[in-house]
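Please keep the sequence and the model at hand while reading.

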Amino acid sequence: MINVLFFGPVAERTGSRQISLDFREGLRWQDVRDTLRARHPEAFEIVSVVAVDGRRVGEQDTAPLADGAEIVFMSTFSGG
Amino acid sequence: MNDAVRLQLEDFSLDVEVAALRAHSKRIGGIATFLGCARDFSEEIEVREIAFEAYHDMAHAELSALRDEAIARFGLIDARIVHRLGTVRAGENIVLIVVGAEHRAEAFDACRWLIDELKARAPIWKKEITPQGESWVTPHP
């Protein structure tokens, strides 16, 4: 399984804090984004940071995900 | 002694954190602090409370990395970062940064750098709760 987490304003727009997706070999974080963006376009309008297993990733990171990976789609931070 | 980097629901004490820093070394010649507080007014609207949430594991890792970077970059003797989560009422504490250096210049510089980097890099979000409703905050530059 792939575990997807949402926080703050993104969670408000998806209406959930966690989604599990089936794992398949070769799956990349961009594939997960494309799947979820189709379901929740209003939430992904504000996504600006993505982390896989606690580390930031960018478009250039195309390594396949491991089974059990945790992906977080986040909006701009506002702590402090 | 509490950890030097913490995300916590409860309030913190400036005195306790400064004392912890001072206990670390007698080589400290200057301590600078940044204390972020919850304002009761924002964008011309009354704010009663601010609710914070974080991607906790990543936020803690980022704050720990920031502390390490600040110590190396500014030659600090020690640094402590505490950020509250959950609901903070207007007038209460949000975040505390305490840094100790041999001289004041690096202490001031490190404190400013740390709060700016924290805002940019720590996955924490805040929602203002007002009499008119609730809204997530869009960061200021």
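Helices, of at least four residues, and strands, of at least two, are DSSP runs numbered from the N terminus. The model discussed here is a predicted one.

## Overall build of chain B

Chain B holds three helices and 10 strands, and along the sequence these elements follow the pattern β-α-β-β-β-β-α-β-β-β-α-β-β. The radius of gyration of chain B is 15 Å, close to the 14 Å that the globule rule gives for 141 residues, and chain B is therefore as compact as a globular protein of that length.

Taken along the principal axes, the box filled by the C-alpha atoms of chain B comes to roughly 50 × 25 × 25 Å.

## Two packed helices

Helix α2 of chain B, which covers residues 56-74, packs against helix α3 of chain B, which covers residues 104-121, at an angle of about 150 degrees and with the axes 10 Å apart. Because angles over 145 degrees count as roughly antiparallel, α2(B) is described as roughly antiparallel to α3(B). The crossing of α2(B) and α3(B) is right-handed.

On the side of α2(B), the contact is made by B:Glu62, B:Leu63, B:Leu66, B:Ala70 and B:Phe74, while the residues that α3(B) brings include B:Trp113, B:Leu114 and B:Arg121. Sorted by class, the contact of α2(B) with α3(B) has eight nonpolar and five charged residues, and no polar ones.

## The side that touches chain A

The contact between the two chains takes 22 residues from chain B and 13 residues from chain A. On the side of chain B that touches chain A, the elements giving two or more residues are β5 (49-54), α2, β8 (93-101), α3 and β9 (124-130) of chain B, and α3(B) gives the most, with four residues. The residues on this side of chain B divide into 16 nonpolar, two polar and four charged.

## A glycine in strand β2

B:Gly30 is found in strand β2 of chain B, which covers residues 30-37, and B:Gly30 counts as partly exposed because it has 15 C-beta neighbours inside 10 Å. Although B:Gly30 and B:Gly100 are 70 residues apart in sequence, their C-alpha atoms are 5.8 Å apart in space. Leaving aside neighbours within four places in sequence, B:Gly30 is in contact with B:Ala101, B:His103, B:Arg104 and B:Ala107.

Terms used: Residues numbered from 1 in each chain as written. Chains lettered and ligands numbered in written order. Predicted model: local features only at pLDDT ≥ 70, side-chain atom pairs only at ≥ 80, totals over all residues. Axes fitted to C-alpha atoms, helices over the stretch in contact; angles between N-to-C directions. Parallel < 35°, antiparallel > 145°, perpendicular 65-115°, else oblique. Left-handed = near helix turned anticlockwise from the far one by under 90°. Contact = placed C-beta atoms within 7 Å. Nonpolar A, V, L, I, M, F, W, Y, C, P; charged D, E, K, R; others polar. Rg over C-alpha atoms; globule rule 2.2 N^0.38 Å. Buried ≥ 20, exposed ≤ 12 C-beta atoms within 10 Å, placed from the backbone.
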